[in-house]
Structure formats: C-alpha cells, structure tokens
Amino acid sequence: MSPVMNCHYTSNPLKESHPGERFKVRSGFYFEAWFSDIRMYGSFRVLLQVLSAQLLCVWVLGSELTFELPDNAKQCFYEDIIIGTKCTLEFQVVTGGHYDVDCRLEDPEGTTLYKEMKKQYDSFTFTAAKNGTYKFCFSNEFSTFTHKTVYFDFQVGDDPPLFPNENRVTALTQMESACVSIHEALKSVIDYQTHFRLREAQGRSRAEDLNTRVAFWSIGEAIILLVVSISQVVLLRSFFSDRKTTTTRVGS
Amino acid sequence: MVYVALLCLRRRILNVFYDVVSSLYFHIGETEKKCFIEEIPDETMIIGNYRTQLYDKQREEYLPATQGLGMFVEVKDPDDKVILSRQYGSEGRFTFTSHTPGEHQICLHSNSSKFSLFAGGMLRVHLDIQVGEHANNYAEIAAKDKLTELQLRVRQLVEQVDQIQKEQNYQRYREERFRQTSESTNQRVLWWSIVQTLILVAIGIWQMRHLKSFFEAKKLV
C-alpha cells in the first residue's frame with residue numbers, strides 16, 4: 001500500500017481564469033484524514049508506512065528565481081528528485097527581445113521530458129518516474145544581441161508542515177482545517193500576484209523602451225533634417241560655381 | 001518503545017535530509033558572476049542560503065569545497081546602491097531587508113584566484129532564496145512566543161496577508177510609474193511632431209531664400 005499523496009489540481013494562472021475554475025489545492029487536510037483511518041490497523045508495518053509517508057511528505061523543495069540570460073548563452077539548473085514526487089516547472093520571460101526562450105527538461109537518464117523552442121511562458125507538471133538528478137535548461141542561443149530576464153518556479157512535492165517535528169496522528173479540528181484552506185487560497189493569491197507582477201514588468205519595460213526610442217528618434221531625425229538640408233544647399237551652390245568656370249572656358 | 005525509536009530515527013533522518021538536500025543547484029565558472037533579480041516591495045526580508053561543492057577528480061564526484069574557497073555576495077538595491085557586500089565561506093547564509101521597493105540584484109561569484117583549485121572544472125552552488133513570509137522560521141516563532149498550533153497557523157495567515165498587502169501597495173506604485181512613462185511618451189511624440197513640422201517649414205523657407213539670393217548674386221535670375 002503506497003502512501004497516498006495529496007490531490008494536486010493545477011491550472012495555469014497565466015491563462016484567463018474564470019471564477020469557477022479550479023485553483024491549486026494542496027491540502028494537508030486530506031492527508032491527515034487518511035492518517036486517522038490507517039491508525040485503526042495499528043501494526044509495525046503501518047508504523048513504517050507512516051514513517052516513510054511522513055518522510056516523503058516533508059520532502060519539500062520549491063525554488064523561484066529570476067536571472068539574466070545573456071545572448072548566446074545557456075543556463076542549466078539541476079535538482080535531485082525522488083521517484084513518485086509530483087513536480088511543476090513554470091517559466092516566463094520578463095524582459096528582452098521578443099520575450100521568448102528555449103526550455104528543455106531532462107530526466108536522470110537524459111530523456112527529454114519537455115522541450116519547447118521560443119516560448120514566452122509555460123507550465124509543465126510531471127511525476128518523477130526515476131530517482132536522480134533532473135536537469136532543466138534555458139537557452140538564448142538563437143539570439144544575437146538581446147539579453148533576456150527569465151523567471152522560473154520549480155515546485156517539487158509539497159510544502160513543509162508548520163511544525164517540522166510534528167507528530168500528526170489526530171485529524172485537524174475545524175478551525176485548523178479552515179486555516180489550512182485559507183492558507184492554500186492565499187498561496188494561490190500570491191501566485192497570481194507574482195504572475196501579474198511579471199506581466200506588468202514586461203509591459204513597463206516595453207513602454208520604457210518605446211519612450212527612449214521616441215526620444216532618440218526625434219532628436220536624431222531633427223539633426224538629420226538639418227544636416228541634409230544644409231548639405232543640399234551647399235551641393236547646389238557647388239554645381240553652379242563649377243558650371244560658371246566651365247562655361248567661361250567653353251566660351252573662349 | 002518501538003514507536004519512540006522510530007520517531008527518533010525519523011527526526012534524525014529528517015535532519016540529515018534537510019542538511020544534505022539543499023534544493024536547486026547550478027554550475028558556476030571560476031571568474032563567473034551569477035546574478036539573480038528579486039523584485040520585492042519595501043520592508044521585505046530576504047534570506048539566502050547557499051552551499052558549494054567542488055569536483056574532486058580523484059573520487060570523481062562533487063565534494064564540499066575547502067574552507068579557503070568562499071563566495072562573494074553582493075546585493076544592490078533598485079537605485080544601484082550596494083546594500084550588502086560580504087564574503088562568506090563555502091557555505092553561507094545572507095539576510096537583508098529591502099528599504100526601497102523594486103528590483104534588487106543578488107550577485108554571487110567565487111573569491112578564488114588560484115587556478116589549481118578549480119582545475120578547469122566548475123563549482124556547484126546550491127542556492128535557496130526565501131522571500132518575505134517564506135523567510136520566517138515558524139518553529140522558532142512558536143517556541144519563542146509559546147504559541148499553540150492554531151495560534152501559529154493564524155500567525156502564518158497574518159504574515160501571508162501582510163505580504164499580499166505589501167505587494168498590492170508596490171503594484172500601485174509600479175502602475176504609477178508605468179502611467180508616467182506612457183504619458184511622457186505621449187508628450188514626446190506630440191512635441192516631436194509639432195517641432196519637426198516647424199523645422200521642415202523653416203528649413204524650406206530658408207533654403208528658398210538663400211538660393212534666390214545666391215542666384216541673384218550669380219546674375220542667373
């Protein structure tokens with residue numbers, strides 16, 4: 001009997017979401033309820049299972065980083081994952097060029113689990129089928145001179161319980177389970193906020209780019225106008241000066 | 001009795017796991033500088049933990065780096081002012097609190113100057129950056145303030161809502177900046193088109209007058 005991991009419904013918050021859509025529910029509540037059920041059997045084997053389940057349950061790793069990817073560069077990140085862990089990789093390009101990047105996720109044996117070229121944002125969920133080091137890489141090798149800023153969020157397993165040394169054998173009270181569901185909802189709010197912030201950063205960087213471009217363009221064009229018009233007049237004058245000398249020479 | 005023994009074993013294994021498994025890692029070259037950006041509201045605490053490993057050619061695996069090899073951590077605030085610039089050992093933990101909202105840059109590079117240490121290989125850096133509410137150590141808070149589990153959960157909720165509120169404030173400030181940038185672009189485009197039309201007309205008039213006087217001087221008109 002393998003430990004039942006928590007239900008994990010994930011919707012991509014980057015897509016337009018309707019109020020009725022499922023949002024991320026990582027609830028310790030379901031796990032605790034299961035706990036109180038198996039307690040009834042009370043055997044050594046069950047204790048071992050509880051032990052292993054708790055060990056797996058507190059194996060938590062979630063990293064969220066924003067880094068700069070120079071042109072023609074590739075940046076790889078690695079993580080050791082246990083078999084059976086549900087993991088999610090989400091990434092978004094914040095600034096730079098056409099806001100796209102190549103992403104590739106490989107398992108310990110080198111099999112490509114996910115590969116996309118020139119993507120602006122995406123979310124990929126998978127369950128680790130093997131033990132070992134998983135590797136994911138972001139590549140900007142197709143770009144010649146634009147630096148890109150990439151944000152990624154790699155969630156492995158679930159969040160740690162509030163009490164690391166907790167010995168949970170009783171079910172949660174109603175207050176506690178209400179707290180847990182509020183906590184999950186707030187986590188999803190923070191997640192949406194992060195995505196909104198990234199979108200806004202993207203929009204703002206485009207607007208600032210546009211602003212500087214307009215400034216340079218207007219100054220540049222004014223200078224070009226002046227230079228061209230003055231050189232036109234000078235060139236025209238030089239035509240007539242030469243012709244006068246040639247006509248006098250022809251005449252004589 | 002067996003149950004207690006199992007619990008102790010579990011605690012020990014968990015501690016080992018927390019030490020050994022230290023999250024995401026990446027490779028960094030000897031003189032390479034890796035920078036990470038954190039866009040955060042003000043009065044937010046950030047805790048960064050890192051651990052380095054060096055490739056041992058004899059044993060052909062990554063082992064914890066020697067004490068002499070450290071990492072230089074530099075943190076810059078949105079105004080490009082350095083708020084943290086310190087050297088730590090092969091394993092370190094840095095903390096800072098933001099005083100201005102915006103993009104903070106956390107840069108890491110190794111302090112190695114001896115080529116033999118790296119021997120052409122790469123340094124493996126395990127990095128974990130916790131922002132705001134995630135930086136709190138709830139076990140510590142519970143022990144210090146002697147909170148029950150329910151009180152601790154409510155405290156966590158309060159911290160989370162605090163973080164959401166700060167982020168919303170920061171969003172308002174960012175939106176204002178965005179709006180200012182857009183309005184400035186709008187103004188610039190307007191002024192540029194007016195000024196350019198005036199320049200064109202003025203240059204046209206000047207050109208005609210100048211050429212006319214030139215031809216009159218040359219007795220061609």
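Modeller: A helix is here a DSSP run of at least four residues, and a strand a run of at least two. Please bear in mind that this is a predicted model.

Colleague: What is the helix and strand content of residues 189-208 of chain B?

Modeller: The span is 100% helix and 0% strand, and its end C-alpha atoms are 29 Å apart. An unreviewed UniProt entry gives residues 189-208 of chain B as a "transmembrane region".

Colleague: How should I read a salt bridge, and how many are there over all chains?

Modeller: In general, side chains of opposite charge can pair when their charged atoms come close. The cut-off between nitrogen and carboxyl oxygen is 4 Å, and the count over all chains is 17 salt bridges. Among them, Lys119(A) pairs with Asp122(A), with 3.9 Å between the closest N and O atoms. Lys119(A) is partly exposed, at 27% relative accessible area, whereas Asp122(A) is buried, at 14%.

Colleague: Where do Glu149(B) and Arg153(B) lie in helix H4 of chain B?

Modeller: They are four residues apart in helix H4 (residues 149-217), so about one helical turn separates them.

Colleague: Which residues form the salt bridge of Glu39(B), and at what separation?

Modeller: Glu39(B) pairs with Arg204(A), the closest N and O atoms lying 3.3 Å apart. This pair crosses between chains, from strand E2 (residues 33-40) of chain B to helix H3 (residues 174-251) of chain A. Glu39(B) and Arg204(A) are both buried. They also belong to a network of salt bridges that includes Arg197(A), Glu200(A), Glu167(B) and Arg174(B).

Definitions and conventions: Residues numbered from 1 in each chain as written. Chains lettered and ligands numbered in written order. Predicted model: local features only at pLDDT ≥ 70, side-chain atom pairs only at ≥ 80, totals over all residues. Heavy atoms only, no water. UniProt positions renumbered as here; feature names shortened; annotations may be inferred. Salt bridge = Lys/Arg side-chain N within 4 Å of Asp/Glu carboxyl O. Buried < 20%, exposed > 50% of the residue type's maximum accessible area, 1.4 Å probe, protein only.
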